[in-house]
Amino acid sequence: MERSASLIEKLNTVSDPRPGEPIYPLVNILFMTICAVIAGADDFVAIAKFANTKKEWFSKFLDMTAGVPSHDRFNAILNAVKPEEFEPMLLEWITQLHKITDGQVIAIDGKTLRRSYDTATGKAAIHMVSAWATANHISLGQTVVDAKSNEITAIPKLLEIIDVSGGLVTIDAMGCQTEIAAKIVDEGADYCLAVKGNQPTLHEGIKAFFLDHLEDDFARIEVFEHHTKETDHGRVDERSYYLCKVPSDLPDASRWKNLSAIGMSINNTERRKGDEIAVRYYILSKTLEGESFACAVRNHWGIENSCHWQLDVTFGEDQCRIRKGHGDENFSTLRRTALSLLKQEKTAKCGVKNRRLTAGWDDDYMEKVVFSR
């Protein structure tokens with residue numbers, strides 16, 4: 001049980017928010033909660049029910065003398081645990097077990113927990129900015145966007161609490177800011193940032209550059225390109241990717257730290273109802289081959305498909321009404337931790353939703369997931 005001791009040791013580093021001598025050890029509550037969320041629990045009632053059905057299994061790793069707390073006790077304690085201690089502890093534990101692939105895409109994007117608002121107290125729904133390691137399928141961390149701010153101020157805070165060194169950080173146009181680009185470079189990573197109208201001078205300069213060189217098929221300049229064609233469900237997607245070293249006369253280029261290349265992607269989608277063409281532009285601190293650039297652009301959406309979509313569909317995040325104290329933020333961390341662990345354990349040849357069901361009923365499988373054997 002070497003892995004279990006490691007996890008329990010990590011959980012013991014979290015400060016207990018309760019005064020005096022509590023009846024139920026905090027490590028028990030946190031460990032039971034993590035396992036319950038992996039197994040499909042979506043609220044505190046479900047956590048308590050799961051813990052009661054698994055008392056014998058939990059006794060293999062924990063001192064269960066005091067038994068299982070009520071759902072109200074789980075609720076109160078998870079609302080009080082400090083997220084700034086709880087989330088980094090889980091992140092450190094996961095990344096120790098599953099080494100992050102060097103050079104992989106780290107996608108950063110925001111997501112609102114839509115039902116975390118509380119009309120009675122005037123609390124708005126919280127908005128989280130999170131990072132997702134697209135190759136390893138691991139949530140690297142998250143931070144709450146201040147109610148009076150936006151993602152632009154939250155992203156630098158996130159970059160301070162996660163390790164992005166050696167990676168290629170991708171962010172949509174909201175994060176295309178000179179301060180964020182510099183922060184990524186300072187943290188030892190490269191960036192691939194989408195450029196839109198919020199950077200008008202840069203956007204128009206990149207657009208004009210590519211329109212000019214598309215006319216003669218890049219005969220006057222070196223280009224790294226990649227083309228794909230996919231057919232699925234009556235839809236045809238043709239994608240073209242072009243990357244060029246940053247031109248010396250690109251407007252606004254001097255403001256961006258280590259700016260090395262600019263890119264363009266063209267997605268031509270043919271459907272029965274008509275064709276759609278989407279053109280996007282990018283700035284990069286590293287010159288990539290055409291296929292690598294294409295992978296970076298495509299893999300960015302892994303945070304939407306493999307993380308955010310799973311959190312909503314499989315974990316019911318958008319329907320969760322936990323909203324008191326730190327409960328919403330801590331439960332968000334628990335869901336992302338559970339998703340990361342389930343993504344790593346692949347002996348069950350099924351989707352994440354069915355893996356949760358398997359973890360709920362099969363003690364051996366739960367041990368594989370939690371202890372990463």
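Q: Quick one on R356: buried or exposed?
A: R356 is buried, with a relative accessible area of 3%. Buried here means under 20% relative accessible area, exposed means over 50%, and partly exposed sits in between, using a 1.4 Å probe and protein chains only.

Q: Before I go on, what kind of model is this?
A: It's a predicted model, where local features need pLDDT of at least 70 and side-chain atom pairs count only at pLDDT 80 or more, while totals for chains, interfaces and linings use all residues. Residues are numbered from 1 along each chain as its sequence is written, and side-chain values use heavy atoms, with hydrogens and water left out.

Q: OK, back to R356. Which side chain does it meet in a salt bridge?
A: That would be D42, at 3.6 Å, N to O. To count as a salt bridge, a side-chain nitrogen of Lys or Arg has to be within 4 Å of a carboxyl oxygen of Asp or Glu.

Q: Where do the two partners sit in the chain?
A: R356 is in helix 13 (residues 352-361), and D42 is in the loop between helix 2 and helix 3 (44-53), so the pair links distant parts of the chain, 314 residues apart. Helices (H or I, at least four residues) and strands (E, at least two) are DSSP runs, numbered from the N terminus.

Q: And D42, how much relative accessible area does it have?
A: D42 has 36%, which means that it counts as partly exposed.

Q: How many salt bridges does the structure hold?
A: There are 16. One of them joins the side chains of D186 and K257 at 2.5 Å, N to O. That pair also links distant parts of the chain, with D186 in helix 8 (residues 178-186) and K257 in the loop between strand 7 (235-245) and strand 8 (261-271), 71 residues apart. K257 is partly exposed at 34%.

Q: Which residues do shared partners join into a network?
A: E230, R235, D237, R239 and R298, through salt bridges that share partners. Within it, the side chains of R235 and D237 meet at 2.8 Å, N to O. R235 is partly exposed at 31%, whereas D237 is buried at 5%.

Q: What about R271, what is it in contact with?
A: Leaving aside neighbours within four places in sequence, R271 is in contact with R235 and E276. Contact means heavy atoms within 4.5 Å. R271 is found in strand 8 and is partly exposed, with a relative accessible area of 27%. R271 and D237 are 34 residues apart in sequence and 9.0 Å apart in space, C-alpha to C-alpha.

Q: Switching to the inside. How many residues has the largest nonpolar core?
A: The largest one has 100 residues, and those with the most contacts inside it are F31, I38, F58, F210 and I283. The largest share, 11 residues, comes from helix 2 (residues 26-38). Apart from that core lies another, of 15 residues, with L168, A194, L284 and A296 among them. A nonpolar core is a set of buried Ala, Val, Leu, Ile, Met, Phe, Trp, Tyr and Cys residues joined through side-chain atoms within 4.5 Å.

Q: What does I283 touch, leaving aside its neighbours within four places?
A: Its contacts include C176, Y191, L202, W256 and I262.

Q: How do helix 2 and helix 3 cross?
A: Their axes come within 9 Å and cross at roughly 100°. Helix 2 and helix 3 are therefore roughly perpendicular to each other, a label for angles of 65 to 115 degrees. Axes are lines fitted to C-alpha atoms, for helices over the stretch in contact, and angles run from 0 to 180 degrees between N-to-C directions.

Q: Which residues make that contact?
A: M32, T33, C35 and A36 of helix 2 and I47, F50 and A51 of helix 3. They divide into 6 nonpolar, 1 polar and no charged. Ala, Val, Leu, Ile, Met, Phe, Trp, Tyr, Cys and Pro count as nonpolar, Asp, Glu, Lys and Arg as charged, and the others, Gly among them, as polar.

Methods: Parallel < 35°, antiparallel > 145°, perpendicular 65-115°, else oblique.
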